[in-house]
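Here are a few exercises to work through with the model open beside you. Try each task before reading its solution.

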2 protein chains.
Amino acid sequence: MIATDMPQLDATFAALSDGTRRAIVARLADGETSLSELAEPFDMSLTAVSKHLRVLSNAGLVDIEKRGRTRHCRLRGAPIKEAVDWLSKYEAFWIDRFDALARHLAKESEK
Amino acid sequence: MIATDMPQLDATFAALSDGTRRAIVARLADGETSLSELAEPFDMSLTAVSKHLRVLSNAGLVDIEKRGRTRHCRLRGAPIKEAVDWLSKYEAFWIDRFDALARHLAKESEK
DNA sequence: CATTTACTCAACCAATTAGTTGACTATAAT
DNA sequence: ATTATAGTCAACTAATTGGTTGAGTAAATG
């Protein structure tokens, strides 16, 4: 049998498969914010953005903290790291040749 | 406005959000195979696996070549690289602390 | 106290997804 | 020529997704 059952990875990749949610992640990388501020640049209802945020929250990508009447959102890195770790297993397929060459030469020059 | 429209990235992350498809990717990293061979370990119909493979193919993650009556499948790295490149922008959030500390110390010691 | 702000919640809708089965086509093997 | 293999295609189903609106709650402000 093959390990197909990795719900955290499912959730992370699914969360990142939507442009609005990736934009939210990008925004949160610049600093914590409230939902309203997050929603402002998007051409959709606050409810819609709230739902996207919940998807990110369920995937563990953002932390939502109730502070007074606003919700403070913070980016969490752990799931992103897990995704990168998974993708890294297939490095051989996506490392571009210049990179690969550069690394090879770097290793050589260490000797 | 924010760049939410990156259909290739949408497709790549969506394709990778399913365990069966990730298992197919993992299998193909070990070498090219036919659909039947790919399908063998899974507890689902050949049609179902064929559909998963089509999702991967549409996302550009695998290349399907008709060879006689079998389909030969090969992993393509470019979309994976694009995903890694996107995720790398948020490195600061997922680099683990030992790594981060090590880098910090390395930089300090350079002075 | 009244109002505005920052949300949540429930109900609904249309589109997509992940799976099934049954019928079909094309190639290879006996 | 017959049969088995490798796979596609169409039709169906159940669940999920991404969006909407309208009503409601909780906290800050006038």
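A residue counts as buried when its relative accessible area is under 20%. Keep in mind that this is a predicted model.

**Exercise 1. Find what share of the residues in chain A is buried, and list the order of its elements.**

Solution. Start with the burial cut-off: buried residues make up 34% of the 111 residues in chain A. Next, go through the secondary structure, which comes to seven helices and three strands. Read from the N terminus, these elements follow the order α-α-β-α-α-β-β-α-α-α. Finally, turn to the contacts in chain A with a separation of 6 or more: 48% of them join residues 24 or more positions apart.

**Exercise 2. Decide whether A:Arg22 is buried or exposed, and list its contacts.**

Solution. First locate A:Arg22, which lies in helix H2 (residues 19–29) of chain A. Its relative accessible area is 3%. The cut-off for buried is under 20%, so A:Arg22 is buried. Then look around A:Arg22, leaving aside neighbours within four places in sequence: in chain A it is in contact with A:Leu16 and A:Ser17. From chain B come B:Thr4, B:Met6, B:Leu9, B:Asp10, B:Phe13 and B:Trp86.

**Exercise 3. Work out how H2(B) and H4(B) are oriented, and which residues meet there.**

Solution. Take the axes of helix H2 (residues 19–29) and helix H4 (residues 46–58) of chain B: they come within 10 Å and cross at roughly 75 degrees. Angles from 65 to 115 degrees count as roughly perpendicular, so H2(B) is roughly perpendicular to H4(B). On the H2(B) side, the contact uses B:Thr20, B:Arg21, B:Ile24 and B:Val25. These meet B:Val49, B:His52, B:Leu53, B:Val55 and B:Leu56 in H4(B). Sorted by type, the contact residues are six nonpolar, two polar and one charged.

**Exercise 4. Trace the strand pairing around E3(B).**

Solution. Begin with strand E1 (residues 33–34) of chain B, which runs antiparallel to strand E3 (residues 70–75) and is joined to it by two bridges. Here B:Ser34 stands opposite B:His72. Move on to strand E2 (residues 62–67) of chain B, which pairs with E3(B) in the antiparallel sense over six bridges. Within E3(B), B:Arg74 is the bridge partner of B:Asp63. Now check the hairpin of E2(B) and E3(B): two residues lie between the strands, and B:Gly68 takes a positive phi near 65 degrees.

**Exercise 5. Identify which residues touch the most other members of the largest nonpolar core.**

Solution. The core has 55 residues, and A:Leu87 and B:Leu87 touch the most other members.

Conventions. Residues are numbered from 1 along each chain as its sequence is written. Chains are lettered from A and ligands numbered from 1 in the order in which they are written. This is a predicted model: local features need pLDDT of at least 70, side-chain atom pairs count only at pLDDT 80 or more; totals for chains, interfaces and linings use all residues. Side-chain values use heavy atoms; hydrogens and water are left out. Axes are lines fitted to C-alpha atoms, for helices over the stretch in contact, and angles run from 0 to 180 degrees between N-to-C directions. Helices (H or I, at least four residues) and strands (E, at least two) are DSSP runs, numbered from the N terminus. Angles under 35 degrees count as roughly parallel, over 145 as roughly antiparallel, 65 to 115 as roughly perpendicular and the rest as oblique. Contact means heavy atoms within 4.5 Å. Ala, Val, Leu, Ile, Met, Phe, Trp, Tyr, Cys and Pro count as nonpolar, Asp, Glu, Lys and Arg as charged, and the others, Gly among them, as polar. Two strands pair if DSSP finds at least two bridges between them. A nonpolar core is a set of buried Ala, Val, Leu, Ile, Met, Phe, Trp, Tyr and Cys residues joined through side-chain atoms within 4.5 Å. Buried means under 20% relative accessible area, exposed over 50%, partly exposed in between (1.4 Å probe, protein chains only).
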